[in-house]
Amino acid sequence: MIWRESTPFPRTTTTSRGPGRGSDRHPVKLPDTSMVTVKLIFSRDRGAIFGAQIAGGKGVGETINILAPAVQKRLTASELYTLQIATHPLPTASPIGYQILQASEDALAKLRA
């Protein structure tokens, strides 16, 4: 299925639409740096992830490789937010502005509301 903003999700889900956005490399001034946006979809009952959408440049492969097993294992928003992720200055996003952590934090706030 192709995701479209108008596609409704059941009331039992929450979508992180918060600040899951940042550059795919740090420092940002490196050549070929792109913006990456991450949207995460969680169940409302236990907060388990069951979908993700990632848009960006060449660096999205790293993000996909983290989120694919997270979806497969149904990690919760809390588990994803506290997941230990290694980064490297040239090929990866900054750990301070990591898009998965930002989107997970946004989802946690929505799930607790």
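Trainee: Let's start with Asp32. What makes Asp32 exposed?

Mentor: This is a predicted model, and in it Asp32 has a relative accessible area of 55%. Exposed means over 50%, so Asp32 gets that label.

Trainee: Where is Asp32 found, and what is its phi?

Mentor: Asp32 is found in the loop between β2 (21-23) and β3. Its phi is positive, about 65°, although Asp32 is not a glycine.

Trainee: Arg74 has a positive phi as well, near 55°, and is a residue other than glycine. Why does Arg74 count as partly exposed?

Mentor: Its relative accessibility is 41%. Buried needs under 20% and exposed needs over 50%, so 41% puts Arg74 in between. You'll find Arg74 in the loop between α1 and α2.

Trainee: On to the charged pair. How do you know that Lys110 forms a salt bridge with Asp106?

Mentor: Check the distance: the closest N and O atoms are 3.4 Å apart. The cut-off is within 4 Å, for a side-chain nitrogen of Lys or Arg and a carboxyl oxygen of Asp or Glu, so this pair passes. By that rule the count comes to one salt bridge.

Trainee: Why can such side chains pair at all?

Mentor: Side chains of opposite charge can pair when their charged atoms come close. Here, Lys110 and Asp106 are four residues apart in helix α3 (residues 99-112), so about one helical turn separates them.

Trainee: What makes the span of α3 close to the expected one?

Mentor: α3 has 14 residues and reaches 20 Å from its first C-alpha to its last. At 1.5 Å a residue, 20 Å is expected. Its buried residues include Gln99, Ile100, Ala103 and Leu108.

Trainee: Which residues touch the most other members of the largest nonpolar core?

Mentor: Val38, Leu40, Phe42, Ile49, Leu67, Leu80 and Ile100 do, out of 17 residues in that core. At least two residues of this core come from each of β3 (35-43), α1 (60-72), α2 (77-81) and α3.

Trainee: And what does Ile100 touch, not counting residues up to four places away in sequence?

Mentor: Ile100 touches Leu40, Thr63, Ile66, Leu67 and Leu80. Contact here means heavy atoms within 4.5 Å.

Note on methods:
Residues are numbered from 1 along each chain as its sequence is written. This is a predicted model: local features need pLDDT of at least 70, side-chain atom pairs count only at pLDDT 80 or more; totals for chains, interfaces and linings use all residues. Side-chain values use heavy atoms; hydrogens and water are left out. The expected span of a helix is 1.5 Å times one less than its number of residues. Buried means under 20% relative accessible area, exposed over 50%, partly exposed in between (1.4 Å probe, protein chains only). A nonpolar core is a set of buried Ala, Val, Leu, Ile, Met, Phe, Trp, Tyr and Cys residues joined through side-chain atoms within 4.5 Å.
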